[in-house]
Structures are given as C-alpha cells and as structure tokens.
Amino acid sequence: MSSIHEITLPLKVIVGNGAINSIPSVLRELSEGKSIRIGIVTGESTYSVGGWVVEGMARGFGEVFVYRVRDSTVDTASRIAEDASIRQLDVVIGVGGGKSIDVAKYAGFKAGAVVISVPLAPSHDGIASPFASLKGGDKPYSMMTRVPYAVIADTEVISKAPRRLILSGIGDLLGKFVSVRDWELSHRLRGEYYGEYAAQLALLSAKHVLKYHDVIARGSPEGVRILVEALVSSGVAMCIAGSSRPASGSEHLFAHALELLAPGRVLHGEGVALGTIIMLYVYGDPLWRRIRGVMKKIGLPTTSVELGLPSEVLVKALTIAHTIRPERYTILGEKGLSEEAAVKVLRETGVV
Ligand code: ZN
C-alpha cells in the first residue's frame with residue numbers, strides 16, 4: 001500500500017483591484033451569524049495603509065483585538081499566540097508584509113484559530129503557504145504552521161507597496177529554478193519524496209515572473225496581479241508537497257545564511273535571487289547569466305557593493321549555507337563549499 005499524503009489548500013484566494021472589500025463576506029461565512037472573536041496582526045505602517053480598513057470591517061462581526069508588531073521574532077509570535085489562546089480567538093487576520101502574516105499564521109496555528117492572509121506587499125511566497133519564518137529562534141528557516149483559510153490580495157493596494165518589496169517578490173520566485181533541481185537531486189541521491197506536479201507548479205511561477213519581469217517591475221496593478229498569482233501558486237505548490245521543498249533549496253539556505261550574518265540588511269527575495277545566480281552557476285546551468293541580466297535590468301542587487309555588504313560576508317554565507325538546515329540535501333552537499341571555492345564562484349558570477 002502506498003503511504004498516505006495529505007494536502008491542505010487555502011479555501012479561498014481572492015485577487016484583484018478592490019479584493020479587500022470581500023473581507024466582510026468571508027467573515028460572514030465564518031461567523032455563521034454568531035458573534036466571533038477576531039485578532040488582527042499588523043505593523044505600525046501597514047496599519048495606516050490597510051490595517052485600519054480591515055479593523056473597521058471586522059468590527060461588525062464581534063470583538064476585535066489589534067496586535068501591532070515591530071518584528072517577527074519567536075518572542076513576539078509566542079506572546080501574541082498566548083494572548084490569542086487566552087482570548088479564544090476564532091479568526092486571526094494577518095495584514096501587512098511578511099512579518100505580520102508570519103506572526104498571524106503562527107498565532108492562529110497555536111490558538112486553533114482560522115487564519116486569513118491579507119498581504120499588502122508582494123515580497124515573498126509565504127502569503128499562501130503554511131510556512132512561517134520567525135527570527136531569533138534556533139531555526140533560521142521557516143516552520144510549518146497553518147495554511148491560511150483565505151488569501152485576500154488587493155492588487156490596487158499592493159501596487160502601492162515600495163518597489164523594493166515588489167522586486168523582492170520576483171527574487172523569491174526566481175529561486176524556484178534552483179529549489180526544484182535541489183529537490184530532484186535529493187530524490188535521486190537520497191530517495192526523498194519528490195512530487196513532480198508540485199515541482200512543476202513551483203517552476204511555473206519562476207518561469208512566469210521571468211517572462212513578465214518587465215510588466216511586474218513597472219509596478220502596475222496588472223503586473224502586481226501576475227506577481228501575486230505566481231506567489232500564490234508557489235505557496236500552493238508547498239501545500240501540495242506538504243513541505244517547503246519545491247520552493248526552498250540551496251538558494252534559500254544562502255539567503256538564510258546572509259540573514260544570520262547580517263540581520264535585516266538584505267530582503268528575503270534579494271538574498272534568494274542572488275543565491276539563484278550562484279547556485280545555477282554551481283549546477284553549470286547557463287541560465288544564471290540570463291537571470292543575472294534580468295536582475296540588473298529591473299534593479300535587484302547582483303553584487304556585494306549593491307547589497308551594501310562586504311565580500312567577506314558573502315563568502316562566509318556561501319561556506320556556511322549547507323549547515324543552516326543539514327537535513328535539506330542540496331547541490332551544496334554535506335560539506336558545502338570551501339572558502340576557496342566560494343571566492344571562485346562569487347568572482348566568476350561577478351558578485352564580488
Ligand atoms: Zn522564500
């Protein structure tokens with residue numbers, strides 16, 4: 001008998017101009033006419049962009065508690081999760097960028113509440129996945145929480161997000177050119193479960209942003225819609241795989257290493273995109289040149305100078321990347337790259 005594989009997907013994905021106005025109808029379905037307890041996790045600036053709108057809509061359905069977060073550390077997430085449990089929240093809505101949504105997913109998971117994801121920036125593919133990336137814990141990578149019940153992405157609001165966050169979303173998706181190869185490699189060498197469908201879906205999101213990089217980078221609602229749909233597809237690929245495998249390989253390990261060595265300096269998708277060039281080069285795939293060309297064109301950093309980090313930090317990140325998550329087998333193997341090899345790769349790809 002084959003083993004059982006369970007797939008949990010977001011029930012509703014609502015994307016488009018004005019999508020935020022569908023929040024009341026989603027809450028109405030969840031409340032079934034009764035009063036419910038709703039938590040809203042948002043940031044200081046994201047509250048003024050969209051948090052207050054969501055708060056106003058939620059008020060009509062019962063008691064509302066607003067949590068304003070400054071970071072997505074394990075401490076912050078645990079504190080809100082505890083409060084959400086004590087208050088017996090039914091719904092936790094994450095409104096904002098990565099931090100608010102990650103904390104909301106974790107708090108909802110711990111408190112047994114339904115999670116709604118309302119991204120205000122298209123900076124990464126966690127908007128529709130069950131994985132939350134919390135900082136300052138023993139794991140610098142993302143953990144399994146709960147699949148959002150609904151993803152509500154208002155492209156009109158999101159298109160006003162800072163350009164750097166839009167480019168970061170593109171970067172996170174370009175990483176799938178590497179992560180699916182790493183997954184397949186691990187399947188061949190380690191016998192790890194590999195789902196062709198999930199892999200192809202993740203890959204499609206990368207191909208899609210590569211094809212439409214021009215229109216996305218312009219930041220128009222049309223481009224933002226393409227980006228958001230691709231981010232949701234990548235999140236769904238993770239849901240189908242039951243792990244972040246299709247969306248996170250050696251390019252993510254490198255990005256996580258950068259975040260460890262220089263916290264807060266590089267956006268997630270910026271680190272991932274740079275890791276993509278590097279790992280494609282290590283694979284011997286000429287696609288790295290094309291990706292680098294596109295990144296230069298749209299303004300994603302491709303050098304240590306553009307990142308504002310000394311080259312030693314990038315060398316160090318590349319040599320420790322394989323230690324970030326030892327059970328996740330990638331092109332970096334068990335021993336990773338030597339310092340000499342790392343310097344060579346970074347020079348050959350023009351990063352340093
Ligand atoms: Zn990512």
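**Notes on the predicted model**

1. The zinc ion is coordinated by Asp172 through OD and by His252 and His268 through NE2, at 2.1 to 2.2 Å. The model is a predicted one. Along the sequence the donor residues follow the spacing D-x79-H-x15-H. His252 sits in helix H11 (residues 250–261) and His268 in helix H12, 16 residues apart, a pair that links distant parts of the chain.

2. His268, with a relative accessible area of 31%, is partly exposed.

3. The second largest pocket has a volume of about 210 Å³. It is lined by 15 residues, of which Phe177, Val180, Arg181, Glu184 and Leu203 are the closest to its centre. Helices H7 (176–190), H8 (196–211) and H12 (268–283) each give at least two residues to the lining, and H7 has the largest share, with 6 residues. By type, the lining of this pocket is made up of 9 nonpolar, 1 polar and 5 charged residues.

4. The largest nonpolar core holds 77 residues, and those touching the most other members are Phe177, Phe254, Ile278, Ile291, Leu314 and Leu318. Helix H10 (residues 221–241) provides the largest share of this core, 11 residues. Another core, of 23 residues, lies apart from it and includes Ile36, Ile38, Ile40 and Val64.

5. Leaving aside neighbours within four places in sequence, Leu314 is in contact with Phe254, Leu258, Leu274, Ser304, Leu307, Leu309, Leu346, Val351 and Val352.

Notes
Residues numbered from 1 in each chain as written. Predicted model: local features only at pLDDT ≥ 70, side-chain atom pairs only at ≥ 80, totals over all residues. Heavy atoms only, no water. 1 Å grid on protein atoms, 1.4 Å probe; cavity = no way out; pocket = protein on both sides within 12 Å on 5 of 7 lines; lining within 4 Å. Points joined across faces, edges and corners; volume = space filled by probe spheres on them. Helix = DSSP H or I, 4+ residues; strand = E, 2+ residues; numbered from the N terminus. Nonpolar A, V, L, I, M, F, W, Y, C, P; charged D, E, K, R; others polar. Core = buried A, V, L, I, M, F, W, Y, C linked by side-chain atoms within 4.5 Å. Buried < 20%, exposed > 50% of the residue type's maximum accessible area, 1.4 Å probe, protein only. Contact = heavy atoms within 4.5 Å. Donors = N, O, S within 2.8 Å, 3.2 Å for Na, K, Ca; no water.
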